[in-house]
Amino acid sequence: MANSKKVQQAKYLEILIKKIEICRNYKPKFGQGKEVSLEEFQTLYGTDPFYSWFGMDDSLIYAAHKAAGGITSLYRQVGIGCEQLFRQILQDQLGLTNEQVRWAYELQADVGKVRTLSLDGRIEIEDIASKEYRTKVTDWLTQAVAKKSLDAKIASALKGAVFEVRQGYKSKDSKRQNADISNAGIAYAQGYLPVVLMLSTQIDSDVAERYAHAGWLILRGNLDESPISSTYAFCKRVLKYDLAAFLKTNSMQLKRIVEQVVESLLKA
């Protein structure tokens, strides 16, 4: 059992580290459609009269671009890693398949074109073979429905939940918000409670309020004990996996990898 847990922890850690490592060799593109090296940048900007007059072909400018884009990439990859980790936890703890933890739907876009939209995770109660876990998820869904004060007919039609996983949500991108509000409507229509599952506590208050009004249940990355308000309480009490303990245990290794990646990004 101990060895099995060790293997599982190593697998989870690898999911995160692989994504973070992607950022180590990040290079800016400067609108060229491909990664641009320092030498290529200095040729590109050095032969441009305007930029060269300002000295913007300097290696420090390149380093600044590389660091700015690289940090954005780092946040994105940490988020993608967390999405993958969450789906893996759902599979391992609830005995679900890769297909069962995914949710997508098609939307008619322009004439003759169909868009496929998706969220990051799904739990459908009927898919859970374990009676213990089915009861835990059902009880949690009942609590969540009460918190959202849903109409009784809507609440009774829910067969599970779909999840949008975010490491943080500080952007006020209205296009993204409108898409997520649309996602919530489709989720309810298909019998799922839409849930934003945050790994951190970083979410803009206006965005959080708008999502809540659109019907999303928001789980935040705090250490509260409530599984209908805290991501880590949800994982520990409903999925029976202590995600906070996993991240805390492996914090030194995660910090070391992030530090190495950032040092690499700060060099021209």
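**Figure 1. Ring pairs tie F30, F41, Y45, F50, Y51, F54 and Y62 together into one cluster.** This is a close-up of a predicted model, as are the views that follow. The count for the model comes to 19 aromatic pairs. One of them joins F41 and Y62, a tilted pair with 5.4 Å from centre to centre and 45 degrees between the planes. That pair bridges distant parts of the chain: F41 belongs to helix α2 (residues 38–46) and Y62 to helix α4 (residues 59–94), with the two 21 residues apart. Both F41 and Y62 are buried.

**Figure 2. W103 and Y105 make a tilted aromatic pair.** Here the ring centres are 5.2 Å apart and the planes are at 45 degrees. Buried or exposed, these two? W103 and Y105 are both buried.

**Figure 3. R166 puts its charged end over the ring of Y169.** The distance from that charged end to the ring centre is 4.3 Å.

**Figure 4. Four strands line up as an open sheet in the order β3-β4-β5-β6, with mixed pairing.** Ignoring direction, neighbouring strands are turned against each other by 25 degrees on average. As a bit of background, strands in a sheet pair through backbone hydrogen bonds, in parallel or antiparallel fashion. In this sheet, β3 and β4 (residues 160–166) run antiparallel and are joined by four bridges. Zoom in on that pairing and you'll find G121 opposite F163 of β4.

**Figure 5. Helix α7 (residues 174–189) lies across β4 and β5 (192–198).** Relative to β5, helix α7 runs at about 140 degrees.

**Figure 6. W140, L193 and F234 touch the most other members of the largest nonpolar core, which has 49 residues.** Helix α4 supplies the largest share of this core, seven residues. What does F234 contact, once neighbours within four places in sequence are set aside? Its contacts are F86, I123, W140, F163, L197, L219, P227 and L239. There's also a second, separate core of 17 residues, and its members include W103, Y105, L117 and V162. More generally, nonpolar side chains in soluble globular proteins tend to be buried together.

**Figure 7. Q91 is a buried residue in helix α4.** Skipping neighbours within four places in sequence, Q91 is in contact with L96, T97, N98 and V101.

**Figure 8. S149 and K240 have positive phi values without being glycines.** For context, most residues other than glycine have a negative phi. S149 has a phi of about 50 degrees and lies in the loop between α5 (131–148) and α6 (152–157). With 64% relative accessibility, S149 counts as exposed. For K240, phi is near 60 degrees, and the residue lies in the loop between α9 (231–237) and α10 (243–249). How exposed is K240? K240 is partly exposed, at a relative accessible area of 42%.

How values were computed
Residues numbered from 1 in each chain as written. Predicted model: local features only at pLDDT ≥ 70, side-chain atom pairs only at ≥ 80, totals over all residues. Heavy atoms only, no water. Phe/Tyr/Trp six-rings, centres within 6.5 Å; stacked < 30°, edge-to-face > 60°. Buried < 20%, exposed > 50% of the residue type's maximum accessible area, 1.4 Å probe, protein only. Lys NZ or Arg CZ within 6 Å of the ring centre and 35° of its normal. Pairing = 2+ DSSP bridges. Axes fitted to C-alpha atoms, helices over the stretch in contact; angles between N-to-C directions. Contact = heavy atoms within 4.5 Å. Core = buried A, V, L, I, M, F, W, Y, C linked by side-chain atoms within 4.5 Å.
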